[in-house]
Amino acid sequence: MKKRMVLPVCICLLFSGCIGKRADGLPDPDSAGDRKNLIVAGLSQVGSESDWRLANTRSYRETFTEENGYYLLFEDAQQKQENQVKAIRNFILEEVDYIILDAIAETGWDEVLAEAKEAKIPVILSDRSVQAEDEGLYVSWIGSDFKEEGRKAGKWLADYLKKKGREAEQIQIVTLLGTLDSTAQLGRSEGFSEILAQQENWTMLEEKSGEFVQAKAKEVMEYFLETYPDMDVVVCQNDNMAFGAIEAMKESGRSYGKYGDIIVISFDATKAALEAVKRGEINVDFECNPNLGPLVDETIKRLEAGEEVEKIQYVEETYYD
Ligand code: GYE
């Protein structure tokens, strides 16, 4: 009884995409009808830190429509894990049919995901994965093979240096890391390190987080340029950070890219970054596909039909140089 009275009020205040409100802001008791016959999905999105992220959100908004049978509750966590935990708890109170989580970090999910499991709400991980004690806490992870992206970047660099006749040279590298502990950061770092470990003459001077954000990356790159003026390569774990690095290099009068001194490696392959590849400002860009909405939709429809789904579903990706 008490639960019925209190919960909808809290939920309506917390969700921007709320189901229905009376003029006084309180929930309309009839509004539950809005979502009748629709699959209610609660999506906890990381934030809006990059162009990739905006494209990813767009993909969900375009796919999870009423015409396609969904009622989407969208929550932007603004880069805070605590907001994601709160959103998941509210999705549970809302009794959504599915929870879609794009986790800011890999750790720290056991408790809240156990609560979702207890409530029998299937959780689908989108883009990023989590390290859970019990893999049964989520149904499927749909995203990119980030480790492979990192490996591809390392292999590309080895090939490129060989083509330039620089394979015996000492190569000094710095890395602009993404959000620490995120699957994209961990995978890209691990994959690249694997190749680096096989190269006697490569040195990783320093790795520092630019949090996947252009302005932050620019600051870190300024520090790198001052501290390591002889660097040969900057690995940028996303395109917005590559733009930040480029700004810093431009301002300090350093040459970079295909026709310059510092080799620029990036990930995501957004439209603007591919233009920069064409201009020779970024040497190479490893694609990361943000269009996950249709894949998650397909997974949910399969679950609805009682079918099994794979635990990990990787999207196909290429690169541009
Ligand atoms: O590379 C970056 C974003 O998790 C793949 O997060 C995603 C990464 C992407 O902010 O631009």
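**Close-ups of a predicted model**

**View 1. Strands β8 and β9 run side by side.** Here β8 (residues 233-236) and β9 (residues 263-268) make a parallel pair over 3 bridges; strands count as paired if DSSP finds at least two bridges between them. Look for Val234, whose bridge partner in β9 is Val264. Strands are DSSP runs (E, at least two residues), helices are runs of H or I with at least four, and both are numbered from the N terminus. This is a predicted model, where local features need pLDDT of at least 70 and side-chain atom pairs pLDDT 80 or more, while totals for chains, interfaces and linings use all residues. Residue numbers start from 1 along each chain as its sequence is written, and side-chain values use heavy atoms, with hydrogens and water left out.

**View 2. The open sheet has 6 strands.** Their order is β7-β6-β8-β9-β10-β12, with mixed pairing. At the edges sit β7 and β12 (319-320), each pairing on one side only.

**View 3. A helix links β6 to β7.** Strands β6 (residues 171-177) and β7 (residues 202-209) pair in the parallel sense over 7 bridges. To get from β6 to β7, the chain goes through helix α6 (residues 183-196), a right-handed β-α-β crossover (with the strands pointing away from you, the path from the first strand over the helix to the second runs clockwise). Leu177 stands opposite Ser209 in β7.

View 4. Polar contacts are pairs of N or O atoms within 3.5 Å. A side-chain N or O atom of Glu49 is 2.4 Å from a ligand oxygen, one of Asp268 is 2.5 Å from a ligand oxygen, and a polar side-chain atom of Asp127 lies 2.9 Å from one.

Notes: Polar contact = N/O pair within 3.5 Å; in protein donor to acceptor, adjacent residues only side chain to side chain.
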